[in-house]
Amino acid sequence: MQKAGSDSKKVNGPLWVNAEITYKCPLHCVFCYNPVDYATFGPELTTDEWLKTFREARELGAVQLGLSGGEPLMRDDVEIMVAETSKMGYYVNLITSGIGLTEKRIAAFKEGGLGQIQLSFQDSTKELNDFLSSTRTFDLKSKVAKLIKEYEYPMVLNVVLHRLNIDHIEEILNMAEAMGAEHVELANSQYYAWAMENRKHLMPSRPQLERAEEITNRFRERVGNKMKVYFVVPDYYADRPKACMNGWATTFLNVAADGLALPCHEARMLPGLEFPNVRDHDVRWIWQESPGFSAYRGDDWMQEPCRSCSEKTKDFGGCRCQAFMLTGDATNADPVCDKSPHHHLVTEQVELARNRNRRQQRSRRSSYSATTRTRAISLPGISKSRHPGTAAHLLHDRFGDRRISFPGRDFRGRTR
């Protein structure tokens, strides 16, 4: 395989590097974006290998670095990475569940120049937060939120929205306000990896989504400039696709825990493309010359209707991974686009979500009017008593007796 060094192509960027420094994670979230088969991947990059990669990307002009996972704090060298990359000139962002963030570590991050900590919650309630992550972590996350404020970091809160928690959006926003959050990202689940495995359980209905947006807009009006609230609409409810990563290999470089360099988080799935490893090639060659990164740059690869579309310079045909997952061909138009001949694959899922929501509403009305006797339910990793108003009751209403997939657990709740 060709090694680094040639300057035959001149391509700007990358500007933003996301380092998935580990896929290990103490949580088992039902919407996890870790690859479903991550346990089969090779060993993680060492500290020195990561620093070499960051240095090479910085030489190409990268200015923002995200340290993510999995849970990045599962590694004990994050403090070294923060200090060294800050010296290189990066603005460094730690993307964390908060698990493993002690006062000693946050003090070291502050000294090392960490710019921002993005903290994730699963819900505003302890019961559902802990259920959705298959852990007991709500209280710990709340303590970490206070610690972030004590060390004078901007409070950046992330909550992944889906059918199980979107109806709690007012409570989630009130929680963010009480914590003193300056930035809140309400990111509706996008259907990749484990979220795709659990799509039928996670996808909200259109009325749920519209209500959530209405509540969010009212909250924005009330708090004004005190808090920035970002509401990320799920792809399936849009008429046009997002400009995925601002275009394939134009801005964003993702480096996986095993060193594989990717133009987006999920590109490893695409058939027929070989992506290089930072152990074997330098970042300059990877970004400028590797076949995988060049595959969908520009528009030469496009089929109709994208090729002649006046909007192709805005959305770049949408997401290649989504096109592949839904149609089997990564060169097809993203089916989210209503110009795509495969758009029905998305609208069918929207209709199914609407029908599921209607059935659940009928079921919930019936169950609330019936006896409140205790009934045990079993879901992966957790068994709870069924009482009206509890997370177990809510989840039984929404899942019935069907099982969902938790990362790192089998169907009996045992660690894989």
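User: Is Ala249 buried or exposed?
Analyst: This is a predicted model, in which local features need pLDDT of at least 70 and side-chain atom pairs count only at pLDDT 80 or more, whereas totals for chains, interfaces and linings use all residues. Residues are numbered from 1 along each chain as its sequence is written, and side-chain values use heavy atoms, with hydrogens and water left out. Buried means under 20% relative accessible area, exposed means over 50%, and partly exposed is in between, with a 1.4 Å probe and protein chains only. The relative accessible area of Ala249 is 1%, so Ala249 counts as buried.

User: What is the phi of Ala249, which is not a glycine?
Analyst: Ala249 lies in the loop between strand S7 (228-232) and strand S8 (252-255); helices (H or I, at least four residues) and strands (E, at least two) are DSSP runs, numbered from the N terminus. Although Ala249 is not a glycine, its phi is positive, at about 55°.

User: How many helices and how many strands does the protein have, and what share of its residues is buried?
Analyst: The secondary structure comes to 15 helices and eleven strands. Of the 416 residues of the protein, the share that counts as buried is 55%.

User: At what angle do helix H1 and helix H2 pack?
Analyst: Axes are lines fitted to C-alpha atoms, for helices over the stretch in contact, and angles run from 0 to 180 degrees between N-to-C directions. The axes of H1 (residues 47-59) and H2 (residues 78-88) are 10 Å apart, and the helices pack at an angle of about 20°.

User: Are H1 and H2 roughly parallel or antiparallel to each other?
Analyst: Angles under 35 degrees count as roughly parallel, those over 145 as roughly antiparallel, those from 65 to 115 as roughly perpendicular and the rest as oblique. The angle between H1 and H2 is about 20°, and the two helices are therefore roughly parallel.

User: Which residues of H2 meet H1?
Analyst: A contact means heavy atoms within 4.5 Å. On the H1 side, the residues are Thr47, Trp50, Leu51, Phe54, Arg55 and Arg58. In H2, their partners are Ile80, Met81, Glu84, Thr85 and Met88.

User: Which elements do the buried residues of H2 pack against?
Analyst: The buried residues of H2 are Val78, Glu79, Met81, Val82, Thr85 and Met88. They pack against H1, strand S2 (64-68), strand S3 (91-96) and helix H3 (103-112).

User: Is the crossing of H6 and H9 left-handed or right-handed?
Analyst: The axes of H6 and H9 come within 9 Å and cross at roughly 30°, and the two helices are therefore roughly parallel to each other. A crossing is left-handed if the near helix is turned anticlockwise from the far one by less than a right angle, and right-handed if clockwise. The crossing of H6 and H9 is right-handed.

User: Which residues does Thr216 touch, not counting those up to four places away in sequence?
Analyst: Thr216 is found in helix H9 (residues 206-223), and it is buried, with a relative accessible area of 1%. Leaving out residues up to four places away in sequence, Thr216 touches Ile169, Leu173, Leu186, Val229 and Phe231.

User: What distance separates the C-alpha atoms of Gln190 and Gln322?
Analyst: Gln190 is placed in the loop between strand S6 (183-188) and helix H7 (193-197), and at 13% relative accessibility it counts as buried. Gln190 and Gln322 are 132 residues apart along the chain, yet their C-alpha atoms are separated by 9.7 Å.

User: Which residue does a cis peptide bond join to Glu304?
Analyst: The omega of this cis bond is about 10°. The partner of Glu304 in the bond lies in the loop between helix H11 (291-294) and helix H12 (312-315), and it is Pro305.
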